[in-house]
Amino acid sequence: MSRIEATFQRLKERRKTGLIAYVTVGFPSVDSSLELVPAIVEAGADIIELGVPFSDPLADGATMQRASQVALENGVTLRDCLDACRTLRQRVPLVPLTLMGYYNPILSYGLERFARDAQGAGADGVIVPDLPPEEAGPLRQACLSHGVDLIFLLAPTSTDRRIEEVSRMASGFIYCVSLTGVTGVRSELPSELPAFIQRIRRRATVPLAVGFGISTSKQVSAIGREAEAVIIGSALVEAVEHAAPDERMASAQSLIGELSRGTVGGADHG
């Protein structure tokens with residue numbers, strides 16, 4: 001059983017909604033992002049997404065774009081992100097680590113080499129927002145051959161055919177984009193979210209995680225009635241960005257701790 005599978009099994013047994021936290025490697029610095037991950041795990045994060053900075057992050061709103069730009073200005077590359085993953089695997093040995101980045105750097109790095117090095121660094125999964133399932137075969141095969149999950153995204157605009165295709169190819173979990181748009185904090189969840197999740201639920205055999213726009217424990221609780229996990233990105237980046245340098249870890253921990261209040265009593269999704 002992989003670390004991702006074991007984590008979702010444990011969450012199910014405890015009737016808890018999983019909390020997946022996104023950290024941009026290199027924001028505000030490489031060292032601070034390495035310190036941030038163990039801190040938020042201690043505060044309640046169950047799975048970590050390590051963001052690979054990219055110059056044209058088409059799925060990301062202004063907050064994530066700023067974080068990515070800072071990381072790029074700090075000189076962070078895909079290789080640096082793999083090195084960060086390797087370091088963090090020693091610091092949080094049981095916590096699933098996924099790399100989230102765009103396809104261009106991965107293709108340039110080499111698909112087989114990337115999958116091999118990701119496994120060697122202790123990565124459990126890879127999320128590539130701009131890689132559609134129709135074109136994912138080569139990377140998926142490389143990842144599968146090295147025991148790394150390629151995690152696909154589905155959006156409210158996804159057709160039933162696309163949902164069926166992703167459900168057939170999926171491993172680890174499916175990233176369910178809560179809305180039509182880019183990342184960023186929202187005050188309300190879309191009213192059509194439950195229906196969208198149920199469309200996927202009827203076909204999927206892996207856990208479902210909902211991301212984009214989530215920032216409160218109330219939202220976490222609501223999503224926990226529909227899906228196995230929530231993904232926190234922009235809200236966490238803002239908590240770090242707006243805090244004084246010596247208060248960044250405490251600010252991030254406070255947010256994750258507050259969101260964790262909404263994870264208790266997650267529904268049994270079968």
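The buried residues of helix 9 pack against strand 6 (153-154), helix 8 (160-169), strand 7 (174-177), strand 8 (208-211) and helix 10 (217-224). Helix 9 spans residues 193-201, and its buried residues are Leu193, Phe196, Ile197, Arg199, Ile200 and Arg201. Buried denotes under 20% relative accessible area, with exposed over 50% and partly exposed in between (1.4 Å probe, protein chains only). Helices (H or I, at least four residues) and strands (E, at least two) are DSSP runs numbered from the N terminus.

The model is predicted; local features need pLDDT of at least 70, side-chain atom pairs count only at pLDDT 80 or more, and totals for chains, interfaces and linings use all residues. Residues are numbered from 1 along each chain as its sequence is written, and side-chain values use heavy atoms, with hydrogens and water left out.

Helix 6 (residues 111-120) and helix 7 (residues 137-145) have axes that come within 8 Å and cross at roughly 35 degrees. Axes are lines fitted to C-alpha atoms, for helices over the stretch in contact, and angles run from 0 to 180 degrees between N-to-C directions. Leu111, Glu112, Phe114 and Ala115 of helix 6 make the contact with Pro138, Leu139, Ala142, Cys143 and Ser145 of helix 7, where contact means heavy atoms within 4.5 Å.

Leucine 111 lies in helix 6 and is buried, with a relative accessible area of 16%. Neighbours within four places in sequence aside, leucine 111 is in contact with Tyr103, Ile106, Pro138, Leu139 and Ala142. Between the C-alpha atoms of leucine 111 and glycine 266 the separation is 37 Å in space, and the two are 155 residues apart in sequence.
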